[in-house]
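Here is a short briefing for a first look at this protein. Start with the view below, then work through the points by topic.

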Amino acid sequence: MQKFYDCGIDLGTTNSCIAHPTGDNSCVIIENTQDRMQVTPSAVAIDKRGRMLIGQRARNQENCVVCFKRKMGTEDVLSFEGTDTSMSPEELSAEILKTLKRDAESRLSEEMNDVIITVPAAF
């Protein structure tokens, strides 16, 4: 039996995106719900109210961390200045993945259970 996936995620160092396969062996890139962009910047910020922001809205904040994917598998912990919050690169990447999944489920009105996550071959 052939396995089909609900979507594929490109977890990028700079940008990430999610795509949904169509019936004709192609796929459609799903826009994020916040910015209506096909790519979501791989950025996480904590705003002045303590809320976590992901993507372009995070990039627009001073208290933003980026390029954390390169540190996955290390002991590094990234701190958000002015807050008591610090997170590992894996936790930050998980926040990006959760956001992409929510965007896909919102846009497609269906649950995403089977997902492929890709990273560059040189990673």
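A residue counts as buried when its relative accessible area is under 20%, as exposed when it is over 50%, and as partly exposed in between. By that rule, buried residues make up 35% of the 123 residues in the protein. The model is predicted. It holds two helices and ten strands.

**Overall build**

- From the N terminus on, the order of elements is β-β-β-β-β-β-α-β-β-β-α-β.
- The C-alpha trace spans about 50 × 30 × 20 Å along its principal axes.
- Among contacts with a separation of 6 or more, 46% join residues 24 or more positions apart.

**Surface and charge**

- The protein exposes about 7700 Å².

**The largest nonpolar core**

- This core has 18 residues.
- Ile18, Val44, Val65, Phe68, Phe80, Leu92 and Ile96 touch the most other members.
- Strand S1 (7-10), strand S5 (43-46) and helix H2 (89-108) each supply at least two of the core residues.
- H2 gives the largest share, four residues.

**Ile18 and its contacts**

- Ile18 is one of the core residues that touch the most other members.
- Beyond its neighbours within four places in sequence, Ile18 is in contact with Cys7, Gly8 and Ile9, among others.
- Its contacts also include Val28, Ile29 and Ile30.
- Leu100, Lys101 and Ala104 are on the list as well.

**Ala104 in helix H2**

- Ala104 sits in helix H2.
- Its relative accessible area is 0%, so Ala104 is buried.
- Not counting residues up to four places away in sequence, Ala104 touches Ile18, Ile30, Ser109 and Met112.
- Ala58 is 46 residues from Ala104 along the chain, and their C-alpha atoms are separated by 19 Å.

**Two loop residues with positive phi**

- Asn25 is not a glycine, yet its phi is positive, about 60 degrees.
- Asn25 lies in the loop between strand S2 (15-21) and strand S3 (27-29).
- Its relative accessibility is 81%, so Asn25 counts as exposed.
- Ser109, also a residue other than glycine, has a positive phi near 55 degrees.
- Ser109 is placed in the loop between H2 and strand S10 (115-118).
- With a relative accessible area of 67%, Ser109 is exposed.
- Ser109 is one of the residues that Ala104 touches.

**Thr118 in strand S10**

- Thr118 is found in strand S10.
- Its relative accessible area is 37%, so Thr118 is partly exposed.
- Which residues does Thr118 contact, leaving aside its neighbours within four places in sequence? They are Ile9, Asp10 and Leu11.
- Thr118 and Gly8 are 110 residues apart in sequence. In space, their C-alpha atoms are 7.5 Å apart.

How values were computed
Residues are numbered from 1 along each chain as its sequence is written. This is a predicted model: local features need pLDDT of at least 70, side-chain atom pairs count only at pLDDT 80 or more; totals for chains, interfaces and linings use all residues. Side-chain values use heavy atoms; hydrogens and water are left out. Buried means under 20% relative accessible area, exposed over 50%, partly exposed in between (1.4 Å probe, protein chains only). Contact means heavy atoms within 4.5 Å. Accessible areas come from the Shrake-Rupley method with a 1.4 Å probe; for residues, only the protein chains shown count as cover. A nonpolar core is a set of buried Ala, Val, Leu, Ile, Met, Phe, Trp, Tyr and Cys residues joined through side-chain atoms within 4.5 Å.
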